[in-house]
Amino acid sequence: MSTKKYSIRKVAVLGSGVMGSQIAAHCVNAGLDVVLLDLKSDDPNRPNKTVEESLQKASKMKPAPFGKPDFAQRIEVGNFEDDFDKLKEADWICEVIIEKMDIKKEMMSRIEKIRKPETIVSSNTSGLPISEISEDCSDDFKAHFLGTHFFNPPRYMKLLEVIPTATTSEDVTEFMHRFCEKTLGKGVVICKDTPNFIANRIGIFSIANIMPYFFDGDFRAEDIDLLTGTLTGYSKAATFRTADMAGLDVTNHVAKNLYPSIPDDEMRETFNLPKEFEKMVEEGMIGNKAGKGFYTKQDGEYLVINPETYEYESQQQLEDPILDEAKKIKDTAERLKFLVFSGEKIGDFLWNVHRDLLLYAANRIPEITDSPLSIDRAMQWGFNWEMGPFERWDALGLNNMVERLEKEGAEIPELISEMMDAGISSFYEDGKVYDPQSKSMVDIPPEAKGEVKVHHLRKQKSPVMENKSVSLHDMGDGVALFEFHTPNSTLGSELVQSLYNSLDTVKDQFDALVISHDADNFAFGANLKEALVAKQNNDWDSVVEAVENFQKTAVALRYAPFPVVAAPFGKTLGGGVEFCLYSDKVVAHHELYMGLVEVGVGLIPAGGGTTELLRRAMEKLEGDADPLPFIREAFKTIGMAKVSESAHLARELGYMRDSDTIVMNRDLLIKRAKEEALNLVHAGYHSPAETPIKVLGKTALAAMKLMLHVMHEGKYITEYDKVVAERVAYVLAGGDLSEAQEVPESYLLKLEREAILECLQDDRTLARMEHMLKKGKPLRN
């Protein structure tokens, strides 16, 4: 029996609450057909009112569960009474109903009567035993049943815990692992069917274990969040902000359910949460959804709760010389070790918290999983921790830890003793991870099957070319990869020049080029600091040269004699967009925040961006249609610095074409970009011919100026916004030509260069650039 017999096109989601409606939304984002059912409403005119209202709520959520607002219309709605037979068509039925065992079991017996033989059924419970939910069903049903535990919000959280039972077919587990990874874009961790699986078992332990230090008055909430945030390799949201985001009622519910189901857990009492915490929950202080939890926002300020009075007060800054020392240490693991072993109050707190967490995690093997790597990934993907518990063991040093633990009379976990006996003193080393089953180091499996990461390429062979800003790698099969490694992926002159020069190398040694890298964001646009310094030093020639080089490089991507594929992800702004616009194909991660945002700093897109959006607007024209509305759209996109909230919306804004590809799993992005590059090569790639672009001249210019006049009069834009936007309008109109005509691309590119140089000679632009560099947000002058 092979996994090929399974395929999922149609998904039925049962239960349209917060999680159900968002799981349905994410399946639609991934291009699946979805039916969403819930209880029948009492309203005779609206039997599906429950689901309809849930979808309306989901559509208004921030961050948005849907990749595009109109995706909500693609979900077929229904109710459990009238529409249950729709499950006959489903390839996967995902149950997300109330967390009550008897009701879930009853639902399973209904599903069993109607499902077709290959249909996979899963339960999205966060705590109930998976095997018990299906225990009354047939063997065939049980073979096709497992747990799929999504994390909230399902679109954005990478972790998906897949929980097979003893009776789940291995083929079903393997198929769902790969389907959730590739189609839904998830980081999948296979869990044992133990209470709360992996991430919540460790994550809620960590939060519960830290709470007494707050309620007993040792530290303020914001102090604890500082000490258990990015400083020590946790998440930005740290401890209490994470609890507020998840909902304190949820944390309370998980801990209460967990306590009775883990009688043999050595730290069971930790889950008996402080009475003061329960009082917060009773009084409705349950976190972000209630507007108040450990924190609340009033008049634009985040206030913090006082555990004695339950009143909110201003935050205070934790001052300690040890923190000043720690902040000088760049490497998180070294910083963590320094702080944990620093002694004094902060060091003691961090030692106590880490001692408990690291012992707890080590003692959960093999109870909740056989793999330390699975626990680390679950915490990274489900709680956004930078370092998982076993990476922390390595950072602090197994020998150091054991020595101090023995001094304190702590019991050393079996896992650690076994490692020490085998002479193994770290969980991770040289691309390998400790495997307790074989008691040896094994290769770290990829985060997604077939993934290509730049750091893997670097291990295999040295880059073809490298400097401070970039590297050019050989990906094999005749495809090169151009990687940025500037801070924040800004596009400075060295990077731009290197990209231009590397086109010759690719022409001589390769068949195709992919542009991408491993950082969190693809590109933050041009390096403003470089331009500002040159201008302030009166080095105008180098400013002109930088503008010309940037444009020349972007345009060269299109006319290179080989295919160029850009693979953007995360924030892709300014010049980063222009590199994508001039590539032959874009393979984008679904989470793409793409925008030509130059006007915010008093500039215009001049790496071909303005010209290319005009070309794309004109390509939409059919027959004798009026081009003006299309030019206006491009003008609004640039003038309002519109940024897409997904790759689907980037398509709508004209930053991506219909023929461009959207990939759900970031880990598979470079792999897919390479495949698309090879497809172009195999199809006998020829670079496109230069074609003229139609412009309207004065007619378009007058129309855009009128728009700006109205916006300025209505105080929607400042005086200088109007000046900058008029420069954009001038390019989009093709200048003040007296009649509509076709012009060469080079003519528009020249207008772009002239316009941006005008901006750069204006003190108001320089003020905007300085403000952006200092404050990180636009100046409205």
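In the predicted model, Phe 550 and Phe 579 are both buried. The centres of their rings lie 5.2 Å apart and the planes meet at 5°, so the pair is stacked.

In total, 23 aromatic pairs are present in the structure. Another of these is formed by Phe 484 and Phe 522, whose ring centres are separated by 5.4 Å; the planes stand at 50°, so this pair is tilted. Phe 484 is located in strand 17 (residues 479–484), whereas Phe 522 is found in the loop between strand 18 (512–515) and helix 21 (528–536), so the pair ties together parts that are 38 residues apart in sequence. Phe 484 and Phe 522 are both buried. Elsewhere, a cluster comprising Phe 214, Phe 215, Phe 240, Phe 277 and Phe 294 is linked by ring pairs.

The charged end of Arg 268 is placed over the ring of Tyr 259, at 4.0 Å from the ring centre.

Helix packing was examined for helix 24 (residues 609–619) and helix 25 (residues 628–639), the axes of which are 8 Å apart and form an angle of about 150°. The crossing of helix 24 and helix 25 is right-handed. Helix 24 contributes Thr 610, Leu 613, Leu 614, Ala 617 and Met 618 to the contact, and helix 25 contributes Phe 630, Ile 631, Ala 634, Thr 637 and Ile 638.

Helix 30 (residues 745–760) consists of 16 residues and spans 23 Å between its first and last C-alpha, close to the 22 Å expected at 1.5 Å a residue. Among the buried residues of helix 30 are Leu 748, Leu 749, Glu 752, Ala 755, Ile 756, Cys 759 and Leu 760. An α-helix has 3.6 residues a turn, so residues three or four places apart point the same way.

Leu 472 is part of strand 16 (residues 470–474). With a relative accessibility of 0%, Leu 472 counts as buried. Beyond residues up to four places away in sequence, Leu 472 touches Pro 463, Val 464, Met 465, Ala 480, Leu 481, Phe 482, Ser 502, Thr 505, Val 506 and Leu 513. Leu 472 and Lys 40 are separated by 432 residues in sequence and by 59 Å in space, C-alpha to C-alpha.

Key. Residues are numbered from 1 along each chain as its sequence is written. This is a predicted model: local features need pLDDT of at least 70, side-chain atom pairs count only at pLDDT 80 or more; totals for chains, interfaces and linings use all residues. Side-chain values use heavy atoms; hydrogens and water are left out. Rings of Phe, Tyr and Trp (its six-membered ring) pair if their centres lie within 6.5 Å; planes under 30 degrees apart count as stacked, over 60 as edge-to-face and the rest as tilted. Helices (H or I, at least four residues) and strands (E, at least two) are DSSP runs, numbered from the N terminus. Buried means under 20% relative accessible area, exposed over 50%, partly exposed in between (1.4 Å probe, protein chains only). A charge sits over a ring if NZ of Lys or CZ of Arg is within 6 Å of the ring centre and within 35 degrees of the ring normal. The expected span of a helix is 1.5 Å times one less than its number of residues. Axes are lines fitted to C-alpha atoms, for helices over the stretch in contact, and angles run from 0 to 180 degrees between N-to-C directions. A crossing is left-handed if the near helix is turned anticlockwise from the far one by less than a right angle, and right-handed if clockwise. Contact means heavy atoms within 4.5 Å.
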